[in-house]
Number of protein chains: 2
Amino acid sequence: MKHALGIDVGGTTIKCSLVYENGKLGEKVILPVVKGEEASLTLNKLFDLVSPLLDNGDKDFIGIGIGCPGMINSKKGTCDDATNLGWHNVDLKRAFEDRFHVSAFVENDANAALLGEATFGVGKEYRHMVFLTLGTGVGSGLFLNGKIYSGNEGKGAELGHMSIDFHGRQCACGRKGCLECYASATALTADAKLAMAKHKESLLWNICKDLDSCDPASAFEAEKQGDKTAKEVVDNYVRYLGEGCLNLCNIFRPEAILLGGGVAKQGENLSSRVQSYLSERNYGLLGLNVPSTKVLVSSLGSDAGIYGAAALAFIANREWQKAVK
Amino acid sequence: MKHALGIDVGGTTIKCSLVYENGKLGEKVILPVVKGEEASLTLNKLFDLVSPLLDNGDKDFIGIGIGCPGMINSKKGTCDDATNLGWHNVDLKRAFEDRFHVSAFVENDANAALLGEATFGVGKEYRHMVFLTLGTGVGSGLFLNGKIYSGNEGKGAELGHMSIDFHGRQCACGRKGCLECYASATALTADAKLAMAKHKESLLWNICKDLDSCDPASAFEAEKQGDKTAKEVVDNYVRYLGEGCLNLCNIFRPEAILLGGGVAKQGENLSSRVQSYLSERNYGLLGLNVPSTKVLVSSLGSDAGIYGAAALAFIANREWQKAVK
C-alpha cells in the first residue's frame, strides 16, 4: 500500500511516522529539539532516526513531507526563518532529497495540520474550509477550492489578526480588537481569571485553587458544575469566537470551519455552541438562502501535522500520475 | 484582432459593446430596462440591439460574456434570481448560444467588474486582489491566484458583512458593526449629515444648502475648502475603511485592494489616505516582513462590467487554446 513519511517539526519535538494511504500510521519516532543546536546537526540526527523506517527501493514509498514552523517557502521547500528553532535559510527539501533520493515537500506547520484534516481527518469531504487553532494565539489556515491558500508570498491567512472590534482590546500586533485577543486560549484564561477576581463565590475557585492554576479548561469545567460566573465566561467566549466565525462565513462561505488547538479539546461542547451561534445569525434577518457552514473540531489532534506533511507527498504523487496519464 | 461582446446588465440599463484584445471598446449600445417586463421580451430586444454589432462568420469573434446582478450560477450560465429585474430561472447562456451560435458566459456583476479591472484595467499586473465597491452598500469580489473566488455555491465574498465592531452600528443583515455600516457611500453621507446637524458653522452647509442634498462627495468637497468638521468626517471614514482593509490584508495578503463605487470617484485623494493608514499599521509593531498591499481606485469606472463580461470569453478562449495545444 502506498505510504509517505510525515515529519512534523515543532518547537520542542520533531515527530515522524509513515502514513499509509488508508490513513493508518506506522511507528512514531520522536526527536527532542535541542535549543540553539545547528540546523545541520539536528537534520543529521533526524536522518539517522527516520532511516530505519524507510526501505530503500520500496516502490510503494512515494516521498517525504515536512511541516515546519516559521517563514516557509513551500515552492522552494526552504525554511527561511524559524525563530523558535534558530533556523535560518535551511534548504529542507534539498537536504532530504540528497539524503534519501525521493521527492520531499515542505509546508508551514499550520497549513500542514489543515491539510492533514482535509486529507485524512474530519475535513475529508470538504473543498472549502477555514481552520482556526485556539492556542496561545489564534493560528489559521485556508483551504479553498480543495487547495491551501496562503496569499501573496505565503504571508496571508492570519485570521487571528482580523479585528472584530476596532475600539477593542489592544493586540500585540499594534491594532485593536483582533480575534486573537478574544478567542485564543490565552484570552479565555485571562477572562476566567478576571471573573474569578470579581466573583469570590465562583466555583472556579474550587477548581483552580488560585489564579495561577486557571487554564483554558477551567471555565468549561466550572460551568458543567453549574457555576454562573463560569457560564458567563464561556458564553462570552462562544460569542467572540462566533462573531469571528460569522465574518469568515460571509467572506468565504466555507463548507466547514474547523477548530483546533487547546480550547478545541472541549470538542462537541464547544463546536455545537458555536454552531448554534452561527445558525441564529448567519444572514438570518435578510432571509437569504445561503448554504450553512458546519463547525467541526479537529479529529487528528496532535497527529494532524504528521498526516498533513505526508499528504503533501500523496497530493504531489496524485498530480504526477494525472500528468503522465 | 480578437474581440468579444461584453454585456453589462444593470437595474436601469443594459450596456453592450465589443471589446478588443488590446482593450479598445467598440460602439456602445444601451437598452433601458423596463420594470416588470418579461425576461424573454427583454432578451429579444437585446438580441435585436446587439445583432448589428456581430459579423456572422468572423473568426476573430470569440464569444459573448454577460455580467448580471442577483443570484447567478456561473457554471450553468443561468440567472436564478434577480429581484431588481424580476428575473427568475433565466438561462442566459443557452438563450445567447441558441441565437448567435457562439459560446456565451455568465458571471455575477460585481465579479464581472473585478474581472474587467483584472484583465483590462488597473489590476492587470496582479494575481491576488480584493475589490470593494463603496456604494449604497459595500459590494465586493475576490481575485485569488488569478481567478475569481466566490465560495461555496458562489455565496461568499460578502466582505461588506465582515463586522469590524461587534458592539457597533446595527446592520440590516441582523449583525452589528458590518463594514458596510461604516464604509458605504450611504454611511458616509449619514455621517456627514450628523456632523452638519451638530455643527451649524460647518462649510458643509454652504455646499449642501440642506441636509437632503448632502451626498458622498460633500464632506470631501468641504474638507478641500478647509472645513474642520468635514475633515473629521473624512478622517473617520478613512479610518473605518482602513480598518476593514487591514483585516483583508491579514486575511488575504493581497497585492492590491481595489476601490470602486461612488466614493472611489474621489480617486487618489481617497486611495492615498487609505494607503497611508495601512502602511502605518500593517503589522508595523510586530516588525514582520510582510509584502505591502497597494490601494488602487477602479480605472474602468462604469465600463468595468462590459470589459469584465467580455473577459469571460477571452479567458475561456485562452484556456481552450491551451487545452488543444
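**Exercise 1.** Find the residues in contact with B:Leu204, leaving aside its neighbours within four places in sequence.

*Solution.* The model is predicted, so local features need pLDDT of at least 70 and side-chain atom pairs count only at pLDDT 80 or more, while totals for chains, interfaces and linings use all residues. Residues are numbered from 1 along each chain as its sequence is written, with chains lettered from A and ligands numbered from 1 in the order in which they are written. Contact requires C-beta atoms, placed from the backbone, within 7 Å. The partners of B:Leu204 are B:Ala192, B:Ala195, B:Met196, B:Ser218, B:Ala219, B:Ala222, B:Asp227, B:Thr229 and B:Ala230.

**Exercise 2.** Which non-glycine residue has a positive phi of about 50°, and is it buried or exposed?

*Solution.* Most residues other than glycine have a negative phi. A:Asn145 has a positive phi of about 50°. This residue sits in the loop between β10 (138–144) and β11 (147–149) of chain A; strands are DSSP runs of E, at least two residues, and helices are runs of H or I, at least four, numbered from the N terminus. A residue is buried with 20 or more other C-beta atoms within 10 Å of its own, exposed with 12 or fewer and partly exposed in between, C-beta atoms being placed from the backbone. A:Asn145 has 12 C-beta neighbours inside 10 Å, so it counts as exposed.

**Exercise 3.** Locate A:Arg253 and classify its burial.

*Solution.* A:Arg253 lies in the loop between α8 (228–252) and β12 (256–260) of chain A. Its phi is positive, about 40°. With 22 other C-beta atoms within 10 Å, A:Arg253 is buried.

Definitions and conventions. Two residues are in contact if their C-beta atoms, placed from the backbone, lie within 7 Å.
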